Amino acid sequence: MGALRDEHHNGWLMPSGNYPAAVYDDEWVDQETVPAAPAPTKIVSLRPTGFEAARTVGEHIRASIPVVMDLTEMSEAEAKRMVDFASGLIFGTRGGIERIARRVFLLTPADVEVMVIDRPMDDTGFYNQS
């Protein structure tokens, strides 16, 4: 007694005898799982022209919404003031800050992780993500 073989599909199909169906105990069925944290549903992009936009940046970070802050339209002094504010905001909320480009920053709340890849990891020009 063995299994029947299908000539067209070149694989095993079914038992050839009168066997009872196999029943397996699944130990994972009764185990509780920890739900994954939801990914942010949106990212806010701001291009402030003055320091009055600092409140908007703070409100979004407090609401756990990442903010891309483009300071290219601001004067040098106000841009420095905005970066100082953002640094304190991020420190106080345990978030993160990454410089994306000259005068452009990504501000993230504490529950968002940013992976920064500066250069290709191998000679082919592709990033090694393993």
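Helices and strands here are DSSP runs, numbered from the N terminus. Keep in mind that this is a predicted model.

**Exercise 1.** Find where R103 sits, and work out whether R103 is buried or exposed.

*Solution.* Next, look at the backbone: phi is positive at R103, about 65°, even though R103 is not a glycine. Finally, check the accessibility. Buried means under 20% relative accessible area. R103 has 16%, so R103 is buried.

**Exercise 2.** Describe how α1 and α2 pack, starting from the angle and the distance between their axes.

*Solution.* First the geometry: α1 covers residues 54-62 and α2 residues 76-93, and they pack at about 20° with axes 11 Å apart. Angles under 35 degrees count as roughly parallel, so that's what α1 and α2 are to each other. As for handedness, α1 crosses α2 in a right-handed way.

Now the residues that make the contact: α1 brings A54, V57, G58 and I61, while α2 brings M82, F85, L89, I90 and T93. Sort the residues of this contact by type and you get seven nonpolar, two polar and no charged.

Definitions and conventions:
Residues numbered from 1 in each chain as written. Predicted model: local features only at pLDDT ≥ 70, side-chain atom pairs only at ≥ 80, totals over all residues. Heavy atoms only, no water. Axes fitted to C-alpha atoms, helices over the stretch in contact; angles between N-to-C directions. Helix = DSSP H or I, 4+ residues; strand = E, 2+ residues; numbered from the N terminus. Parallel < 35°, antiparallel > 145°, perpendicular 65-115°, else oblique. Left-handed = near helix turned anticlockwise from the far one by under 90°. Contact = heavy atoms within 4.5 Å. Nonpolar A, V, L, I, M, F, W, Y, C, P; charged D, E, K, R; others polar. Buried < 20%, exposed > 50% of the residue type's maximum accessible area, 1.4 Å probe, protein only.
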